[in-house]
Amino acid sequence: MEHHPVPTTVLWDIDGTLVMNASSPGNLYHLALERAVGRDLVLRVGHQHGRTDAGLIAEHVRAHDLDDSLIPTVSRHLHDLTEERHVSGDHRSPAPGAIALVRRFAELGWRNGLLTGNSPYRARVKLQGAGFDVDAFDWEHSYFGDAEVERSGVTARAAEALAGTRAVIVGDTPRDGEAAEAVGIPFLAVATGVFDVDALRATGAVTIARNCVDDASLIEDAIAALPPLRPVGEDS
């Protein structure tokens, strides 16, 4: 009987992991809310790393005691603002070594998927702007947070779809780790966002990399050593 190797899916976070965090002025979620209501508002929610688009939009709306029915409108304005910034040439930088590591994993026959708080559109624009080949990613095995208030809702969909195969979430925040742990997907931390190596030690990460250059082989070896995911609901 022919033996087929278990597929490996690397689920990359985007902000702070594949691309460096935004340096542009203004909080896009707040700006989208202002467009939705048609007036200037006091900024009541700061930058929160590791949250989903849906969760952040809901928090901005609720911080002003506005109705949740406004959320889809704010989401549309967020899409438009993202497009405007991209067209104007306001692009992110790739995280050091990330483009090469995505290419390396593809050479190994691994899937490069995405697990992000962004929408598919915002994910594509950010990656394209940072110089990634968007076709290097497996969009069929990618999971997005534009409709999930909690990040664990995104990881739960991934865990269900990838049960019995090898998968890992690569991210830069403790929230990424918590959402991975909640559904039993291993977490691999990279210190290319706002959290340094020491801050990421508190997560249950299988390994913590300084970046995708200095620790590229550490990342590859850690993923290669992972067992397949247990089926959802099976006791560990």
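These legends walk through several close-up views of the structure above.

The model is predicted, so local features need pLDDT of at least 70 and side-chain atom pairs count only at pLDDT 80 or more, while totals for chains, interfaces and linings use all residues. Residues are numbered from 1 along each chain as its sequence is written, and side-chain values use heavy atoms, with hydrogens and water left out.

**View A. Strand β5 and its buried side chains.** Strand β5 covers residues 187-190; helices (H or I, at least four residues) and strands (E, at least two) are DSSP runs, numbered from the N terminus. Which way do the side chains of β5 point? Phe187 and Ala189 go one way, Leu188 and Val190 go the other, and all are buried, meaning under 20% relative accessible area with a 1.4 Å probe, protein chains only.

**View B. The partners of β5.** Strand β4 (residues 166-171) pairs with β5 in the parallel sense over 3 bridges; two strands pair if DSSP finds at least two bridges between them. Here Val170 sits opposite Leu188 of β5. To get from β4 to β5, the chain passes through helix α7 (residues 174-183), making a right-handed β-α-β crossover. Right-handed here means that, with the strands pointing away from the viewer, the path from the first strand over the helix to the second runs clockwise. Strand β6 (residues 207-209) also runs parallel to β5, joined by 3 bridges, and its Ala209 is the bridge partner of Val190.

View C. Ala205 belongs to the loop between α8 (197-200) and β6. Which residues does Ala205 touch, leaving aside neighbours within four places in sequence? Phe187 and Ala189 are in contact with Ala205, contact being heavy atoms within 4.5 Å.

**View D. Helices α3 and α5 side by side.** The axes of α3 and α5 (residues 120-129) come within 10 Å and cross at roughly 15 degrees. Axes are lines fitted to C-alpha atoms, for helices over the stretch in contact, and angles run from 0 to 180 degrees between N-to-C directions. The two helices are therefore roughly parallel, the label for angles under 35 degrees. Leu78, His79 and Thr82 are among the α3 residues that meet α5, where the partners include Tyr121, Arg122 and Val125.

**View E. Asp65, with a positive phi.** Asp65 lies in the loop between α2 (53-63) and α3 (71-87). Its phi is near 55 degrees, positive in a residue other than glycine.

Key
Buried means under 20% relative accessible area, exposed over 50%, partly exposed in between (1.4 Å probe, protein chains only). Angles under 35 degrees count as roughly parallel, over 145 as roughly antiparallel, 65 to 115 as roughly perpendicular and the rest as oblique.
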